[in-house]
Amino acid sequence: MKKFFYCLVLLITMCAVFACTGMTAKEQVVGSDNCYMVDFNSGRVLYAKGENDRKPIASMVKIMTLLLTFENVDSGKLSLDQKVTISHDAAKQVGSEMFLDEGQEYPLSDLVKGIVTMSANDASVAVAELIAGDEVAFTNVMNERAKSLGMNDTLFANATGYPTKEEQYSTAKDVTCMMRELAKHKEYYNYSTVWLEDYTHPSGRVTQMANTNKLIRHYKGCDGGKTGYTDSAKFCLAGTATRNGMRVVGSVLGANDSKARFRAMSSLFNYSFNNFKQVVLVKGGSPLSVDVKVNGGKKDKLSVIAKNDLSVLQARGENNAKLEYNIPESVKAPINCGDKIGEVYAIVDGKKIAVCDILAGEEIKKASIWDYVKKIM
């Protein structure tokens, strides 16, 4: 009987394996009808399904709220340390919230943490008022920034994504676009990786912050993202993850339940990491095998190096990347170590995918009269 049972289990397992083997890699992706995944560095599309369908995106609207916040911090208009006074309109927000005290001052950093981790509507409105004066004016700024990013199928109606009578929508492609832009801000990861934290308000009251993006804890390499849910939007998720020097960004719209959106995103991550890899074509700081003549220097040739790694995303089995150099035939002394000499491009299918500066790898001083005499002799 035991033998029969083991044989039956083995047979079922083999059938499952053969069934999966017969499927293409893309067919094995468990996703919603609207999902999109790209390489963070190049923007190369790794997976797409219903990516241009206009849908409500609920709290994923806050990705744009956060993006504008970090852009204002980077430009010097705002500081994460500055105090923000909570207005009546901000404090009265419902839904997901930090339960901010009206009239109290909170550090902007704390409000950002509340938006990132627990999708706080009250913190979102407080930040919107700080940047633009009121939420309506801020919404206009959101829509302008969306257009500048090429998000042509997106319309924001508020800073939170909370349901309203006004029309608001986006697409999996557009959500991924703004999530990718947000992921460029290193400060963002100081907040997106917070899992659970007891937050103490200025009054001494405590609110527990729990990250709504469960993949932060349950998917290796996931370090950012934003959830969303309303009855009309259903369960949504934008996320980013990194493995082996490769970062991907994607989004899932309209999943039927919370677990389904996390399964879908995990599946998209797995598909990306299993079928693509980051290939380093030039190592940063390494000497390049190109000759650069030196005029009027103590040496006739200059050794050059790459400023940083030059890499491209390649599908497994792909090998169609090549290098193209843009450097002068000769340079004039004196030359300092680290001076920019030119560029090297990564070319894939005739397109420039990435670029890296070429630097002088040594110092070459201007030749003296005695140097010229020695050369003649």
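Pro334 is found in the loop between β16 (330-332) and β17 (340-348), where helices (H or I, at least four residues) and strands (E, at least two) are DSSP runs numbered from the N terminus. The peptide bond that leads from Ala333 to Pro334 is cis, with omega near 5°. The structure is a predicted model, in which local features need pLDDT of at least 70 and side-chain atom pairs count only at pLDDT 80 or more, whereas totals for chains, interfaces and linings use all residues. Residues are numbered from 1 along each chain as its sequence is written, and side-chain values use heavy atoms, with hydrogens and water left out.

The protein chain contains 11 helices and 18 strands. Of its 377 residues, 47% count as buried; buried means under 20% relative accessible area, exposed over 50%, and partly exposed in between (1.4 Å probe, protein chains only). Among contacts between residues at least 6 apart in sequence, 63% join residues at least 24 apart, a contact being defined by heavy atoms within 4.5 Å.

Two helices that pack together are α2 (residues 62-74) and α7 (residues 172-182). In general, two packed helices are described by the angle between their axes and the distance between the axes. For α2 and α7 the angle is about 30° and the axes are 9 Å apart; axes are lines fitted to C-alpha atoms, for helices over the stretch in contact, and angles run from 0 to 180 degrees between N-to-C directions. The two helices are therefore roughly parallel to each other, since angles under 35 degrees count as roughly parallel, over 145 as roughly antiparallel, 65 to 115 as roughly perpendicular and the rest as oblique. The crossing of α2 and α7 is left-handed, the term used if the near helix is turned anticlockwise from the far one by less than a right angle, with right-handed used if clockwise. On the side of α2 the contact is made by Ile63, Met64, Leu66, Leu67 and Phe70, and on the side of α7 by Val175, Met178, Met179, Glu181 and Leu182. By class, this contact has nine nonpolar, no polar and one charged residues; Ala, Val, Leu, Ile, Met, Phe, Trp, Tyr, Cys and Pro count as nonpolar, Asp, Glu, Lys and Arg as charged, and the others, Gly among them, as polar.

Helix α4 (residues 108-118) is mostly covered, with 11 of its 11 residues buried. The buried residues of α4 include Asp110 and Lys113 as well as Leu111, Ile115 and Val116. The residue that follows α4 is Ser119, whose phi is positive, near 55°.

Most residues other than glycine have a negative phi, and most peptide bonds are trans. Lys234, in strand β8 (residues 234-243), has a phi near 60° and is partly exposed, with a relative accessible area of 34%. Asn244 lies in the loop between β8 and β9 (246-255); its phi is near 50°, and at 79% relative accessibility Asn244 counts as exposed.

Asp223 is placed in strand β7 (residues 222-230) and, at 14% relative accessibility, counts as buried. The side chains of Asp223 and Arg247 are joined by a polar contact of 2.8 Å. A polar contact is a pair of N or O atoms within 3.5 Å; within protein, one must be able to donate a hydrogen and the other to accept it, and residues adjacent in sequence count only if both atoms are side-chain atoms. Residues up to four places away in sequence not being counted, Asp223 touches Tyr189, Ser192, Thr193, Ile216, Thr240, Ala241, Thr242 and Arg247.

Helix α10 (residues 258-275) holds Asn275 and also Ser266. Ser266 counts as buried at 15% relative accessibility, whereas Asn275, at 25%, counts as partly exposed. A polar atom of the Ser266 side chain lies 2.8 Å from the backbone oxygen of Phe262, and a polar atom of the Asn275 side chain lies 2.8 Å from the backbone oxygen of Tyr271. Beyond residues up to four places away in sequence, Ser266 touches Leu215 and Tyr219. Asn275 and Arg316 are 41 residues apart in sequence, with a C-alpha to C-alpha separation of 5.5 Å.

Tyr325, in strand β15 (residues 321-326), counts as partly exposed at 32% relative accessibility. Leaving aside neighbours within four places in sequence, Tyr325 is in contact with Leu288, Val290, Glu343, Val344 and Ile358. The C-alpha atoms of Tyr325 and Cys356, 31 residues apart along the chain, are separated by 9.8 Å.
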